[in-house]
Amino acid sequence: MMRNVRTWAAVVLAGALTTLGLAGCGGTDAAGSGTPTPAPSAAATVTVKDPWVKAGPAGEMTAAFGTLVNGTDADITITSAESPDSPLELHEMTMKDGKMVMQPKEGGFVIKAKGTHELSPGGDHLMLMKPAKAIEPGDELTFTLKLADGATVPFTAIAKPFAGAEESYAPSDMGSMAP
């Protein structure tokens, strides 16, 4: 008799575990309606950590910085960006003929799977080409990153005064910048 009870308990336990296991793999929404839950888009897993903008006068180039964070298992490419405050370009700093130069970033910014990509003074950055109005310390600017898969990532950045890297964003300096 005891042997039958143990066998019965083992069968019930195995059935319960199988049911729970299958329910976990079902991919239904939280309400259990049977509707598959869509996989998160790249935009849902890209974030911008500590975003900020270099304060500056109206009409003069400045830049936005921060850390792009990729929470996915695949590389993600930022192909462009926009802001209502200024036309934008993705820019990089690189050595040419022994000089540090700023130029548009061909192919965009690639954020490696589960990795980060720094946007920093003297490095890659979002270039605000011609802000319509002065960007004062404390101002909040909105941006939208555009990803290669067509998704977008909105974020807000705070303006700060900054002279640390002493970079100049004047149009005459676009081809040649001292380090």
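Modeller: Before we start, one term: two strands pair if DSSP finds at least two bridges between them. Keep in mind, too, that this is a predicted model.

Colleague: Fine. In which sense do β9 and β10 pair, and over how many bridges?

Modeller: They run antiparallel, with seven bridges. As an example of who faces whom, Leu145 sits opposite Val153 in β10. In the hairpin these strands make, four residues lie between them, and Gly150 has a positive phi near 95°.

Colleague: And how do β3 and β9 pair?

Modeller: Antiparallel again, this time over four bridges. Ser80 stands opposite Lys146 in β9.

Colleague: Let's step back to the whole chain. How many helices and strands does the chain have?

Modeller: One helix and ten strands. Going along the sequence, the pattern is α-β-β-β-β-β-β-β-β-β-β. The chain has 179 residues, 34% of them buried. For contacts between residues at least 6 apart in sequence, 65% join residues at least 24 apart. The accessible surface is about 10400 Å², and carbon and sulfur atoms account for 59% of that.

Colleague: How should I read the side chains along a strand such as β9?

Modeller: In a regular strand the side chains alternate between the two faces of the sheet. Here, Leu141, Phe143, Leu145 and Leu147 of β9 point to one face and are buried.

Colleague: Next, the core. Which residues of the largest nonpolar core touch the most other members?

Modeller: The general idea is that, in soluble globular proteins, nonpolar side chains tend to be buried together. In this model the largest nonpolar core has 26 residues, and those touching the most other members are Val53, Leu68, Ile78, Leu126, Leu128, Phe143 and Leu145. Elements giving two or more residues to this core are β1 (46-54), β2 (62-70), β3 (76-82), β4 (88-96), β6 (109-111), β8 (125-128), β9 (140-147) and β10 (152-160). Apart from this core lies another one of five residues, among them Met93, Met102, Met127 and Met129.

Colleague: Phe143 keeps coming up. Which residues is Phe143 in contact with, leaving aside its neighbours within four places in sequence?

Modeller: The list includes Val53, Ala64, Leu88, Leu126, Leu128, Val153 and Phe155. Glu82 and Ser83 are in contact with Phe143 as well. With a relative accessible area of 1%, Phe143 is buried.

Colleague: How many aromatic pairs are there?

Modeller: The count is three. Trp52 and Phe65 form a tilted one, with 4.7 Å centre to centre and 40° between the planes. Trp52 is in strand β1 and Phe65 in strand β2, 13 residues apart, so the pair links distant parts of the chain. Trp52 is buried, at 13% relative accessible area, and Phe65 is buried too, at 2%.

Colleague: Why is the pair of Phe143 and Phe155 stacked?

Modeller: Planes under 30 degrees apart count as stacked. The planes of Phe143 and Phe155 are at 15°, with ring centres 5.1 Å apart, so this pair is stacked. Phe143 belongs to strand β9 and Phe155 to strand β10, so the pair ties together parts twelve residues apart in sequence. Phe155 is buried, with a relative accessible area of 11%. Ring pairs also link Trp52, Phe65 and Phe162 into a cluster.

Colleague: Last topic, backbone angles. What is phi of Asp97?

Modeller: Most residues other than glycine have a negative phi, and most peptide bonds are trans. Asp97 has a positive phi, near 50°. Asp97 is in the loop between β4 and β5 (99-104) and counts as exposed at 81% relative accessibility. Lys114, also not a glycine, has a positive phi of about 55°. Lys114 is in the loop between β6 and β7 (116-119) and is exposed, with a relative accessible area of 56%.

Methods
Residues numbered from 1 in each chain as written. Predicted model: local features only at pLDDT ≥ 70, side-chain atom pairs only at ≥ 80, totals over all residues. Heavy atoms only, no water. Core = buried A, V, L, I, M, F, W, Y, C linked by side-chain atoms within 4.5 Å. Buried < 20%, exposed > 50% of the residue type's maximum accessible area, 1.4 Å probe, protein only. Contact = heavy atoms within 4.5 Å. Areas by Shrake-Rupley, 256 points an atom, 1.4 Å probe, with all protein chains shown as cover. Phe/Tyr/Trp six-rings, centres within 6.5 Å; stacked < 30°, edge-to-face > 60°.
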